[in-house]
Amino acid sequence: MPSKQYAAVAQWCVACGCCVKVCPLQAIHIWKGVTAQVNADRCVGCGRCVRECPAQALELVQRRTEE
């Protein structure tokens with residue numbers, strides 16, 4: 001069962017790659033050198049990327065539950 005949270009990237013991401021380096025599951029990549037993208041299916045919501053981001057462009061958000 002996936003965690004209740006995952007990382008989401010804000011539009012002000014500067015694509016520095018700090019989040020990519022600290023993600024233990026390689027759930028984040030830099031898209032076209034412009035912004036980070038999170039694979040929500042792989043993200044476990046550990047928050048390492050959120051703490052590491054110098055631009056504060058990542059946050060943990062609640063997963064939507066399908067009923």
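Predicted model: local features only at pLDDT ≥ 70, side-chain atom pairs only at ≥ 80, totals over all residues.
Strand S2, which covers residues 28-31, runs antiparallel to strand S3, residues 35-38, and the two are joined by four bridges. Together S2 and S3 form a hairpin with three residues between them, and in that turn Lys32 has a positive phi of about 50°. Across the pairing, Ile30 stands opposite Ala36 of S3.

Leaving aside residues up to four places away in sequence, Ala36 touches Val9, Cys13, Cys19, Ile28, His29 and Ile30. The largest nonpolar core contains 13 residues, and Ala36 is among those with the most contacts inside it, along with Ala7, Cys19, Ile28, Cys49, Ala57 and Leu58. In soluble globular proteins, nonpolar side chains tend to be buried together.

Gln26, in the loop that lies between helix H1 (18-22) and S2, has a phi near 50°, which is a positive value in a residue other than glycine. Gln56, placed in the loop between helix H2 (48-52) and strand S4 (58-62), likewise has a positive phi of about 50° without being a glycine. Most residues other than glycine have a negative phi. Gln26 counts as exposed because its relative accessible area, 57%, is over the 50% cut-off, and Gln56 is also exposed, with a relative accessibility of 63%.

Methods: Residues numbered from 1 in each chain as written. Heavy atoms only, no water. Pairing = 2+ DSSP bridges. Core = buried A, V, L, I, M, F, W, Y, C linked by side-chain atoms within 4.5 Å. Buried < 20%, exposed > 50% of the residue type's maximum accessible area, 1.4 Å probe, protein only. Contact = heavy atoms within 4.5 Å.
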